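Hello,

Here is the structure you will be working on. My notes follow below it.

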Amino acid sequence: MALMTGAQILIESLAREGTDVIFGYPGGVTIPVYDVLYAHELKHILVRHEENAAFMAQGAARANGKVGVCMATSGPGATNLTTGLVDALMDSIPIVAITGQVPQALIGRDAFQEADTFGITRAATKHNYLVKDIEELSQVIHEAFYIALSGRPGPVLVDITKDVLLGKTHFHASDELRPLRGYELRLDPDEAEIEEAAAFLWEAERPCIYAGGGIITAEADQEVIEISEILGSPLVHTVMGHGCMPVDHPNYVSMLGMHGGYAANMCMSKCDTIIGLGARFDDRVTGRLDRFAPDARVLHVDVDPCEINKNRRADVGVVGDVKRVLKKLNAKLRETAEKAEAGAEARKGWHDQVMGWKAEHPYGYEKSATEIKPQFLMESINERKGDANVAVDVGQHQMWAAQYLHFNKPRRWQSSSGLGTMGFGMPAAMGAAVAKPDQMSIAICGDGGFQMALPELATIVANKLPVKIIIMNNGWLGMVRQWQDLFFEKRYSEVAMAPGFPDIPMLAAAYGMKGSTVRLPEDLGPALDEAFAEPGPFLLNVMVTREENVYPMVPAGGALDEMILGPQKPVAAGD
Amino acid sequence: MKQLISLLVENKAGSLMRVAGVLTSRGYNIHSLTVAKTLDPTLSSMTIVAEVSDENRPLLIKQITRLVNVVKAVDLTESQAVQRELSLIKVSRIKPEMRSALTKEAEIFRANIVDATPSHYTFEVTGSPEKIDALIELLEHYGEVEMVRSGSMAMARLPKNQLPVPSFRMDEEEEPAEAKS
């Protein structure tokens with residue numbers, strides 16, 4: 001067996017894990033790794049800010065379900081990854097971050113570009129490592145990938161000292177995992193739990209399936225559609241759950257939550273049985289907990305036991321992989337189908353009621369012939385996007401995109417949902433473009449978020465990434481402005497984004513890419529067509545109505561069924 | 001209210017920080033924390049006494065258990081458990097005529113004198129936290145007291161397979177935290 005350096009072992013180990021691409025940025029202590037990459041077939045995309053490397057790794061992981069990989073040097077390189085790591089932790093996205101560290105002898109002595117990466121990222125990761133012994137390097141990488149992808153996925157960071165990278169040893173490749181006594185996954189439910197759950201579900205007369213990101217992670221879209229059909233139950237989903245069910249399915253309601261649809265929020269609030277599948281009763285969904293779905297019993301299925309009974313008491317809780325649980329549960333429901341009759345009529349009436357709400361209160365807005373309304377922008381994108389991957393940034397545009405874009409399959413929608421990190425959209429779309437080159441990749445950003453990721457225009461051009469970046473430009477930090485409008489008597493403090501905003505065609509040209517600005521509704525269609533038809537990247541700046549608010553809205557501290565439906569039209573609990 | 005947590009964690013660099021981190025991330029004050037290796041040198045046993053409200057206790061145990069390095073975590077707050085601490089208490093400026101009385105009082109607590117000079121006595125005592133509190137209160141009447149305490153260790157009285165485990169099934173005692181608006 002040949003002697004290999006730590007750097008070589010690192011790259012070999014990443015390749016063995018099926019890594020196709022590393023998003024990274026070199027630095028002093030990682031030069032040994034970059035020296036190996038120089039002649040290695042493993043692809044590397046050089047970013048322009050490490051934060052975006054973490055977002056790109058996420059974009060790739062969200063698009064193809066594999067572990068995304070990012071790399072940064074010690075000190076500032078590693079700390080720049082932190083935001084992207086916390087974001088991955090909040091949305092349970094599998095990424096592995098490799099960081100270099102100063103040589104062991106210098107640790108703790110304030111060496112050049114030294115930071116306590118292990119300490120700083122403890123709270124930003126599912127798990128992390130500091131590798132000081134070359135003998136354990138390949139084992140750690142193997143373990144890191146396993147932890148990142150298994151159970152509830154999440155970010156894992158591996159910090160490697162420079163002397164390990166430069167050291168030499170015999171590389172023993174192994175697929176064996178050392179026993180992880182503290183990490184035991186419960187993926188399969190037992191028979192008794194399934195029986196209990198099935199019996200529990202047949203008693204439901206007003207069921208509501210509440211599908212979350214876990215359905216996407218587990219790729220359980222078929223199973224969730226099946227259970228909804230068996231029970232005749234309406235389905236609502238979280239921001240993370242887009243694509244779990246085709247939008248034209250008779251049981252599909254819409255997204256629920258703070259800016260979810262009226263019918264979805266009422267369905268959740270008035271049901272008698274919540275079927276929580278891979279979702280975590282987040283505060284954006286529940287509104288005030290003491291008034292949330294007061295009459296509902298809850299079946300909660302999640303792979304993470306911490307989520308069950310965290311925010312809402314579960315009458316029946318099942319820990320397991322939601323796809324495996326649903327397969328067994330669906331089979332049991334079919335087996336016990338004679339129990340369907342008892343509640344069938346009530347469920348049919350409930351279904352009709354929910355769909356009635358949906359018909360009476362669709363998403364809507366006042367159209368304009370003279371300005372591009374943000375909702376019209378989203379509708380226009382929806383008409384043209386086909387099976388494209390869409391990554392959004394954070395803010396009003398994110399909510400309108402979530403409302404007006406339709407996704408019929410998982411892994412085409414990417415949103416920083418739990419952490420809500422601005423600057424996510426464009427790099428996530430870039431990661432998706434790399435992971436799924438045969439699919440068009442669209443990024444929708446606000447004018448605020450776009451400016452946070454701006455440096456990566458260079459990366460797009462350098463790597464010829466055919467990303468279509470659409471800026472929904474209203475000149476404000478829109479969501480904050482909306483809150484200041486509705487709750488702070490329009491005291492618009494520090495939300496003006498228009499001053500200093502660049503001329504987009506000039507900016508695009510400066511970077512050597514195509515770009516344009518569009519202002520009139522009749523020009524929007526052709527502009528989008530041009531952008532989507534362009535073989536390479538395109539930067540489209542869409543000037544939209546300046547002050548428009550996202551409705552429905554559940555105000556902070558409000559109950560889920562007390563939505564503001566439009567300007568000055570508050571609505572109390574269900575009609 | 002004080003939560004008593006006993007846990008088994010891998011004996012590795014960073015394990016202590018990770019467990020303590022789960023508590024400090026949530027702003028819970030740690031009253032005491034002891035850790036040392038077990039019969040299996042790759043595993044350490046940790047006992048923590050922290051200020052955690054009743055409704056948050058079950059969730060905290062689950063979140064600690066979720067850590068990759070933690071093998072098991074048990075909430076012993078309401079279980080029968082033997083809880084012990086060690087303390088070294090130094091008493092100075094004792095009135096000479098009181099020295100004898102002092103040692104007799106300490107005997108009641110089964111405290112041993114481990115150091116004696118004309119200017120002070122140092123006592124070593126083990127016992128429940130309450131017993132140690134009581135002895136310290138008493139000794140303060142005799143002179144100037146300095147003390148160090150080890151923090152509690154606990155050993156459950158129940159057999160291992162009957163220890164309370166965090167439940168993901170419906171559990172009468174396990175209500176989620178009070179809704180905050």
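First, a definition: a residue is buried if 20 or more other C-beta atoms lie within 10 Å of its own, exposed if 12 or fewer, and partly exposed in between, with C-beta atoms placed from the backbone. Helices (H or I, at least four residues) and strands (E, at least two) are DSSP runs, numbered from the N terminus.

Now the ground rules. This is a predicted model: local features need pLDDT of at least 70, side-chain atom pairs count only at pLDDT 80 or more, and totals for chains, interfaces and linings use all residues. Residues are numbered from 1 along each chain as its sequence is written, while chains are lettered from A and ligands numbered from 1 in the order in which they are written.

**Chain A: helix α20**

Start with α20(A), residues 478-487. Its buried residues are Gly478(A), Met479(A), Arg481(A) and Gln482(A). They sit on the same side of α20(A), because they cover an arc of only 155° around the axis. The arc is that of the directions from the helix axis to the C-beta atoms.

What do the buried residues of α20(A) pack against? The partners are α16 (396-404) and β17 (441-446) of chain A. Contact here means that the C-beta atoms of two residues, placed from the backbone, lie within 7 Å. Just after α20(A), Glu489(A) takes a positive phi of about 50°.

Most residues other than glycine have a negative phi, and most peptide bonds are trans. The following cases are worth a look.

- Ser92(A) has a positive phi, near 60°, and is not a glycine. The loop between α4 (76-91) and β5 (95-101) of chain A holds Ser92(A). Ser92(A) is buried, with 23 other C-beta atoms within 10 Å.
- Ala293(A) is not a glycine either, yet its phi is positive at about 40°. Ala293(A) is in the loop between α12 (283-286) and β13 (297-302) of chain A. Ala293(A) is buried, with 25 other C-beta atoms within 10 Å.
- The peptide bond from Tyr551(A) to Pro552(A) is cis, with omega near -5°. Pro552(A) lies in the segment after β20 (538-543) of chain A.

**Chain B: overall**

Chain B has 4 helices and 9 strands. From the N terminus on, the order is β-α-β-β-α-β-β-α-β-β-α-β-β. The C-alpha atoms of chain B fill a box of roughly 65 × 40 × 30 Å along the principal axes. Of its 181 residues, 31% count as buried. Take the contacts in chain B between residues at least 6 apart in sequence: 72% join residues at least 24 apart.

**Chain B: the sheet**

One open sheet of 4 strands in chain B has the order β2-β3-β1-β4, with antiparallel pairing. Two strands pair if DSSP finds at least two bridges between them. β2 and β4 of chain B are the edge strands, each pairing on one side only. The twist averages 15° from one strand to the next. β2(B) and β3(B) run antiparallel and are joined by 7 bridges. Thr34(B) has Thr47(B) in β3(B) as its bridge partner.

α2(B) lies across β1 (2-10) and β4 of chain B, at about 165° to β4(B). Axes are lines fitted to C-alpha atoms, for helices over the stretch in contact, and angles run from 0 to 180 degrees between N-to-C directions.

**Chain B: two domains**

The assignment gives domain 1 (2-79) and domain 2 (82-153) of chain B. Such bounds come from an automatic or database domain assignment. The C-alpha centres of the two domains of chain B lie 29 Å apart. Ala, Val, Leu, Ile, Met, Phe, Trp, Tyr, Cys and Pro count as nonpolar, Asp, Glu, Lys and Arg as charged, and the others, Gly among them, as polar.

**Between the chains**

24 residues of chain B are in contact with 27 residues of chain A. On the chain B side, α1 (15-25), α2 (57-66) and β4 (70-75) each supply at least two residues. That side of chain B has 11 nonpolar, 6 polar and 7 charged residues.

Best wishes
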